[in-house]
Amino acid sequence: MESTDIAKQLNTISDRLERIERQQGAIAKSNKRISKQVGAVEDAVTWQALWNDAILCFVCATTCFTVASLDWIVNNSCSLLPAWGRAAMPFEICDGATTENVSWESHFDGGSDSLAAIAIGVSEGTRTADGGTTSAFNGHYDSGYLNLGTFSYIHGASSPQEADKVQIRRLKSQIEPELLELEQLGITPDTATILNLADLTNQSPRAGASFAEYLKRCQDSGKVGDDLILCARIASFEGDAPGLAAVGVTIEHDQSRRMKAIASVLSARGATTTTLALPLSPNEATVSSCFDPDRLHPVLKVVRPHLGIDLSGATGTPIRAIASGTVVTAGDAGDGFGYKVVIDHGDGLESLYAHSQQLMVKQGDRVSQGQVIALMGTTGLSTGSHLHLEIHRNGTPENPINYLDFKGFDGSSCK
């Protein structure tokens, strides 16, 4: 091997080890929390010791080991790490590590064309909501370094597409522990939540590593929907990366801006830009009827489209708005729905709540997500106390299960 080649490899190794040292604080925190989930304290100790030895040896690189021996340490230490340990390592060191292939990963498929790359790129100013690129995609400076591609991160890649491929792989590994923690906390993240976690992690891995914890805290404080995600983003950033706040821009303003950027990408793809919340909890109701264009009406005894989902429960059970918006209808229109509420959420999205015993809002009211808008009843053409919920996109009724997760409800077998 030529001495110049060895020198280049040593310089590359030096750069990697410097990144390792900068991430020690974040890695230590990630290890402490995630090791409780996987019961791998021994693995964490082994991993830390190996890397400490590697860093120490590098100080005397020419006498302690050759490039080949360092490669051996890297390869073997990676093989000893659990998935969460590999996720914490710098972008290339554990390239051979793979994670379990689960549904959320589809948002990261396609490199520069993936949903995650485009959503984060709009936040970074390197992409447009329709998937296009800005001039910054081909080269932009961040913290004094020239970056290629969608993400503001130091890759040393030879092309924007290569840079995106590397960072997408890294982000998938980094957010997986947080998604596992959310699952353990009983929280099922939707697309908007996953993309916001990825964007926060790209902005600051330390902030991203505490997202699940703060999301749960914000949820326990009563936050729901978009307010819940924003609360978690702000708390994670303030708690773990306050020094990265842009000069003259508050953390709240910046995190809100990035959320809106992600929402613009979802809107461009025809997805809802709002994170929706259930109108009732699983312990308050059961699913009694599904979205069915060919259902036999239980009262009229004729085939009549059932363009929503029915949730049966006790008379007087509070019904909550699935998202913030403006009440456009509140009353009995004589159409068989009895006392109903219709809310316009913007972006062509409306929700309808029918057969209520009592309405708690009036036409023109501005309501917040989670606000009680009616009490369950059986007015109109109804055989028992229930909520009939419809979701309309640009005036067309769509299956609510495409927007909300009813899996926790008894009787749920809707498709």
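In this model, Gln167, Leu171, Gln174, Ile175, Glu178 and Leu179 of α8 meet Ile194, Leu197, Ala198, Thr201 and Asn202 of α9, where contact means heavy atoms within 4.5 Å. The model is predicted: local features need pLDDT of at least 70, side-chain atom pairs count only at pLDDT 80 or more, and totals for chains, interfaces and linings use all residues. Residues are numbered from 1 along each chain as its sequence is written, and side-chain values use heavy atoms, with hydrogens and water left out. Helices (H or I, at least four residues) and strands (E, at least two) are DSSP runs, numbered from the N terminus.

**Helix packing around α9**

- The contact of α8 with α9 divides into 6 nonpolar, 4 polar and 1 charged residues; Ala, Val, Leu, Ile, Met, Phe, Trp, Tyr, Cys and Pro count as nonpolar, Asp, Glu, Lys and Arg as charged, and the others, Gly among them, as polar.
- The axes of α8 (residues 160-184) and α9 come within 10 Å and cross at roughly 115 degrees; axes are lines fitted to C-alpha atoms, for helices over the stretch in contact, and angles run from 0 to 180 degrees between N-to-C directions.
- The crossing of α8 past α9 is right-handed; a crossing is right-handed if the near helix is turned clockwise from the far one by less than a right angle, and left-handed if anticlockwise.
- Helix α7 (residues 115-124) packs on α9 (residues 191-203) at an angle of about 55 degrees, with the axes 10 Å apart.
- That angle makes α7 oblique to α9; angles under 35 degrees count as roughly parallel, over 145 as roughly antiparallel, 65 to 115 as roughly perpendicular and the rest as oblique.
- α7 also passes α9 in a right-handed crossing.
- On the α7 side the contact is made by Leu115, Ala116, Ala119, Ile120, Ser123 and Glu124, and on the α9 side by Thr191, Leu195, Ala198, Asp199 and Asn202.
- By class, the contact of α7 with α9 holds 6 nonpolar, 3 polar and 2 charged residues.

- A search of the whole structure finds 1 disulfide, defined as a pair of cysteine sulfur atoms within 2.5 Å.
- This disulfide joins Cys218 to Cys231, with an S to S distance of 2.0 Å.
- Cys218 lies in α11 (residues 211-220) and Cys231 in α12 (residues 225-240), 13 residues apart.
- The torsion about the S-S bond of Cys218 and Cys231 is about -75 degrees, so the disulfide is left-handed.
- The two helices, α11 and α12, pack at an angle of about 130 degrees with axes 8 Å apart, and they are therefore oblique to each other.
- α11 passes α12 in a right-handed crossing.
- Both cysteines belong to the helix contact, in which Phe211, Tyr214, Leu215, Cys218 and Gln219 of α11 meet residues of α12 including Leu228, Ile229, Cys231 and Ala232.
- The contact of α11 with α12 comprises 9 nonpolar, 3 polar and 2 charged residues.

**Strand pairing**

- Strands β3 (residues 286-289) and β4 (residues 309-312) pair in the antiparallel sense over 3 bridges; two strands pair if DSSP finds at least two bridges between them.
- β4 also pairs with β12 (residues 386-393), antiparallel over 4 bridges.
- Leu311 of β4 stands opposite Val287 and also opposite Leu387 in β12.
- An open sheet of 3 strands has the order β5-β11-β9, with antiparallel pairing.
- β5 (318-320) and β9 (358-359) stand at the edges with a single partner strand each, so one side of each is left without a neighbour in the sheet.
- β9 is joined to β11 (residues 372-375) by 2 bridges, and the bridge partner of Leu359 in β11 is Ala374.
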